Amino acid sequence: MNKLEILRIFCSVAETLHFRETANRLALSPQVVSRAIGTLEKTLGEVLFQRSTRQVKLTDFGEAFLPQAQQLIADAERLFSYRKSLNTQEIAGIVRIAVPEIPLMQAVLEKVLAKAAAYPDLRLHWQARLTVEDVVNEQIDVGFRFGMPDDNRLIIRQVGLVEDCIVASPALLERCGQPKNWQDLKNYPLSALFNPNTGRAYAWYLSHKTQFIPPRPKFTATCIADELTAVRQAQTIAFLPRFLCAPYLKSGELVELFPELARKQWTAYVYRPYRNVTHPRVKIVFDWLVESIEALLREKK
C-alpha cells in the first residue's frame, strides 16, 4: 500500500472516527485500516488517534496533520484525475446533483453553471428537494446535505458547520411583546417547516438537549425561503439557518431571540457515492460544489 492510499485511509478515519465504518466505506477489511494507521503513525513518529473501547478521537498532532493530508490528497486527485480534462471533450455526459431546497442553492447553482460553461458536452441534472434522496436508486452522482453522514457508501467532504437561530421582526415584537423564555414561544405566532416524510412539522433544536415542535403554527411551509418571508412580514417567529438570516440580522430587519442558548451545529458536506471507477465529470462537479458552497458559507458568516 503506497503512502497516498494510507493518507486516504487516515482522512476517512478522521471523518468517521470509526475504523469499521471506514473499512466499509473504502471496501477494506478493518485489519487493513488498522495496519495502515499503524504504519502512518510509525512513519511520522506520532500518535494520530486516541482509541478506547467507547470512542476514537484525533490527538492534537492528528488534528494538525489532517488539513495537510486532505490538501495533499486533493492536489493528487486534481493532478491525476484532471490530466485529460484540459480537453473539454473528456468532460461529457450527465451528472445528477441532489441538493436541499434552500435559497443558498440558487447562488451555488450560478457558480456551478459558470464553471460548466467551459464544457459544452457536460449535462447537469439539478434536483432541489426538501426530503433526503435515495442515492443508489436515484443514481445520484454528487450531492450536498446537512447533518451527520450515516451512509458508509458515500465519499464526503465537509464544507462547513451551520446552526439555526430563532428570529423575529421588531414590528412583531412591538405588537406581541418580547418572550421571556423559549417556553413562552408557544403563545406567539410561529412558523413551521413541513416534513413530508412524517406529515408533521420539523422540530426546532433549541440546544444540544432541547427540542421544540411549534404547536398550532400560524404559518406552515415546505420551503425555508417562504418561512423567511413570513418572518420578514412580521407574521411569525421562525427557526431558520443563521446563514440565511445573517444579512437581515445585520441590517436590523430581524432580531435573534435567546442567543444565549448553545445551538446544535450541523455538518455541511458534499458527497458522492463510492464507486470502483468514478468518471472525471463527476469528480470535477464534486469539486465545483465543494468550492462554491465553502465560499458562500464563508461569505454568510
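Start by selecting helix 1 (residues 3-16) and helix 2 (residues 19-26), whose axes come within 9 Å and cross at roughly 125 degrees; the axes are lines fitted to C-alpha atoms, for helices over the stretch in contact, with angles running from 0 to 180 degrees between N-to-C directions. Helix 1 and helix 2 are therefore oblique to each other, given that angles under 35 degrees count as roughly parallel, over 145 as roughly antiparallel, 65 to 115 as roughly perpendicular and the rest as oblique. The crossing of helix 1 past helix 2 is right-handed, the term for a near helix turned clockwise from the far one by less than a right angle, anticlockwise being left-handed. To display the contact (heavy atoms within 4.5 Å), show Ile9, Ser12, Val13, Glu15 and Thr16 of helix 1 with Phe19, Glu21, Thr22, Arg25 and Leu26 of helix 2. By class, 4 of these residues are nonpolar, 3 polar and 3 charged, where Ala, Val, Leu, Ile, Met, Phe, Trp, Tyr, Cys and Pro count as nonpolar, Asp, Glu, Lys and Arg as charged, and the others, Gly among them, as polar.

The model on screen is a predicted one, in which local features need pLDDT of at least 70 and side-chain atom pairs count only at pLDDT 80 or more, while totals for chains, interfaces and linings use all residues. Residues are numbered from 1 along each chain as its sequence is written, and side-chain values use heavy atoms, with hydrogens and water left out. Helices (H or I, at least four residues) and strands (E, at least two) are DSSP runs numbered from the N terminus.

Next, select helix 5 (104-116) and helix 9 (residues 280-300), whose axes come within 9 Å and cross at roughly 135 degrees. Helix 5 and helix 9 are therefore oblique to each other, and their crossing is right-handed. Among the contacting residues are Leu104, Met105 and Val108 of helix 5 and Trp288, Leu289 and Ile293 of helix 9; by class, the contact has 11 nonpolar, 1 polar and 4 charged residues.

From there, turn to the largest nonpolar core, which has 41 residues, with Phe144, Val270, Leu289 and Ile293 making the most contacts inside it. Such a core is a set of buried Ala, Val, Leu, Ile, Met, Phe, Trp, Tyr and Cys residues joined through side-chain atoms within 4.5 Å, and buried means under 20% relative accessible area, with a 1.4 Å probe and protein chains only. Helix 9 supplies the largest share of this core, 10 residues. Apart from this core lies another, of 22 residues, including Ile6, Ala14, Ile37 and Leu48.

Move on to helix 8 (residues 242-251), where Phe243, Leu244, Cys245, Ala246 and Tyr248 are buried. The buried residues of helix 8 pack against several elements, including helix 5, strand 5 (142-146), strand 6 (154-168) and helix 9. Just after helix 8, Gly252 takes a positive phi of about 90 degrees.

Finish at Gln127 in strand 4 (residues 122-129), which counts as buried because its relative accessibility is 11%. Leaving aside neighbours within four places in sequence, Gln127 is in contact with Arg96, Ile97, Ala98, Val99, Glu138 and Ile140.

Terms used: Buried < 20%, exposed > 50% of the residue type's maximum accessible area, 1.4 Å probe, protein only.
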